[in-house]
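Good morning, and thank you for making time for this presentation.

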Amino acid sequence: MTGGAMDPLPAAAVTAAAEVEADEEADLPAAGLPPPPASERRDPDPGRMQVPPGNPLLLSHTLQELLARDSVQVELIPEKKGLFLKHVEYEVSSQRFRASVYRRYNDFVVFHALLLQKFPYRMVPALPPKRMLGADREFIEARRRALKRFINLVARHPPFSEDEVLRLFLSFSGPDVQSKLKESAQCVGDEFLNCKLATRAKDFLPADIQTQFAVSRELIRSLYNSFYKLRDRAERMAARAIDNAADLLIFGKELSALGSDTTPLPSWAALSSSTWGSLKQALKGLSVEFAVLADKAAQQGKQEEDAVVEKLNLFLDLLQSYKDLCERHEKGVLHKHQRALHKYSLMKRQMSAAAHSHAPESVEQLESRIMEQENAIQTMELRNHFSLFCLHQETQLVHAYLPLTSHILGAFVSSQIQGHKEMSKVWNDLKPKLHCLFAGPASALTPPRSPRDGLSAH
């Protein structure tokens with residue numbers, strides 16, 4: 001660990017370590033959400049954050065257990081004034097809390113900031129971006145889907161799912177939910193301060209935790225790249241199905257327009273007038289089948305968007321949140337721990353110089369500052385171990401979601417089978433209707449042969 005080469009700290013520093021928050025601590029997100037003062041922190045709820053039996057580092061959650069924690073729906077409720085979209089509200093419905101509440105995007109922003117403040121060492125999924133101007137329907141729908149993925153990942157995350165801020169967000173129906181959320185988080189402190197085993201996290205970590213962390217990080221990066229490519233191809237296939245639906249519909253409409261053409265035939269084509277009249281009548285009827293084909297293709301594209309693309313996006317959001325967490329660990333508490341050690345070293349040198357210059361007042365002041373810095377270093381060291389402890393658990397959580405891959409593949413295969421089956425039936429129903437297109441007065445026309453019959457030599 002980073003502080004392994006440091007001189008042993010005084011016992012008083014170890015005792016006070018968990019209580020001291022130095023200026024080197026991790027920055028808290030979002031303006032308007034100040035860190036709670038140490039003197040005002042409430043004792044954590046005795047019913048929460050207890051040490052589980054056995055090794056608390058190990059999780060035993062299955063994918064089914066995680067999915068069963070809650071299912072949250074997010075639907076658009078646009079409020080229009082005049083011809084312009086003033087703002088967008090979302091109806092957020094939680095199966096677990098049996099509640100439906102109305103939330104705006106800014107409510108999600110405050111909720112997200114509080115999660116980062118309370119759980120800086122956990123995977124907090126990112127929110128979709130906020131577009132200030134020109135938010136078209138496509139952007140609003142994409143953001144709705146992203147917000148739904150976000151809140152479902154949060155609602156199924158073990159520590160988040162038991163937190164009061166989540167319960168309020170999903171069930172509080174009173175006015176000014178943002179103030180209510182901030183009020184609930186005041187003077188509580190983050191997970192490190194509320195977890196009974198936080199100061200003993202090092203005892204549960206494997207000896208090669210740094211190696212495991214590096215290997216896990218590389219694996220998640222590789223998984224993300226692969227699933228990103230899968231999502232990209234799945235999006236293309238779903239888009240092609242929807243484009244195919246539009247083409248089939250237009251194709252049928254053009255056949256209908258051709259069959260409804262009333263342009264009179266010239267006199268020199270009078271012999272073919274009865275044939276053309278029969279053909280036009282048949283072409284008009286074919287547009288119905290092409291409309292059905294278009295509907296089936298659109299259904300398949302929509303099914304693949306919902307059951308395949310969205311699930312891939314959900315898993316990608318989870319993997320991205322893990323990558324973000326790794327970055328927070330390296331740039332946050334680990335970096336601040338190293339800075340605190342460097343500051344401690346400088347103070348030691350200043351103390352040595354003051355002692356040699358025989359300045360007792362300076363020595364006394366430096367001794368006091370060094371004691372404070374030792375406390376701060378110990379806190380950073382404890383936080384570093386707790387951060388690694390949480391990272392180890394979050395890695396297990398990512399692996400618990402990996403069986404989602406079989407769900408995604410199953411949905412994709414089922415969609416393809418069902419889509420081709422339904423469209424094949426419509427094509428087969430359409431084929432007999434083509435015979436009337438080739439029936440002339442003298443049966444001069446014959447229908448084309450099936451490809452399986454082979455091609456004519458002529």
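D176 has its place in the loop between α6 and α7, the latter helix covering residues 177–185. At 49% relative accessibility, D176 counts as partly exposed.

The mean pLDDT of the chain is 80, and 71% of its residues reach 70 or more. Where is the confidence lowest, and where is it highest? The lowest mean, 39, belongs to helix α1, residues 11–16, and the highest, 97, to helix α6, residues 164–171. Over residues 1–31 the pLDDT is below 50, although the model gives this stretch 65 contacts beyond near neighbours in sequence. Residues 441–445 also stay under 50, and for them the model has 4 contacts beyond four places in sequence. Where pLDDT is low, the predicted coordinates should not be read in detail.

I turn now to the chain as a whole. It contains 14 helices and 3 strands. Of its 458 residues, 41% are buried. The chain exposes about 25300 Å², and carbon and sulfur atoms supply 56% of that area. Among the contacts with a separation of 6 or more, 79% are between residues 24 or more positions apart.

The next topic is helix α14, which runs over residues 404–430 and has 27 residues. From its first C-alpha to its last it reaches 39 Å, close to the 39 Å expected at 1.5 Å a residue. Which residues of α14 are buried? They are L404, I408, A411, S415, G419, M423, V426 and L430. An α-helix has 3.6 residues a turn, so residues three or four places apart point the same way. Q300 itself is found in helix α11, residues 273–331. At 10% relative accessibility, Q300 counts as buried.

Let us move to the aromatic residues. A search of the whole structure finds 14 aromatic pairs. How are the rings of Y90 and F108 arranged? Their centres are 6.2 Å apart and their planes are at 90°, so the pair is edge-to-face. Y90 lies in strand β2, residues 84–94, and F108 in helix α3, residues 105–118, so the pair ties together parts that are 18 residues apart in sequence. Both Y90 and F108 are buried.

The pair F386 and F389 has its ring centres 6.1 Å apart and its planes at 10°, so it is stacked. Both residues lie in helix α13, residues 360–401, where they are 3 residues apart, about one turn of the helix. F386 and F389 are both buried.

Ring pairs also link Y90, F108, F111, F150 and F169 into a cluster. The charged end of R103 sits over the ring of F169, 5.4 Å from its centre. Elsewhere, R143 lies over the face of Y105, at 4.6 Å from the ring centre.

My last topic returns to helix α13, where R383 has its place. Is R383 buried or exposed? At 2% relative accessibility, R383 counts as buried. For R383 and L193, which are 190 residues apart along the chain, the C-alpha separation is 9.6 Å. F192 is found in helix α8, residues 191–194, and is buried, with a relative accessible area of 3%.

That concludes the presentation, and I thank you for your attention.

Note on methods:
Residues numbered from 1 in each chain as written. Predicted model: local features only at pLDDT ≥ 70, side-chain atom pairs only at ≥ 80, totals over all residues. Heavy atoms only, no water. Helix = DSSP H or I, 4+ residues; strand = E, 2+ residues; numbered from the N terminus. Buried < 20%, exposed > 50% of the residue type's maximum accessible area, 1.4 Å probe, protein only. Contact = heavy atoms within 4.5 Å. Areas by Shrake-Rupley, 256 points an atom, 1.4 Å probe, with all protein chains shown as cover. Expected span 1.5 Å × (residues − 1). pLDDT = per-residue confidence, 0-100. Phe/Tyr/Trp six-rings, centres within 6.5 Å; stacked < 30°, edge-to-face > 60°. Lys NZ or Arg CZ within 6 Å of the ring centre and 35° of its normal.
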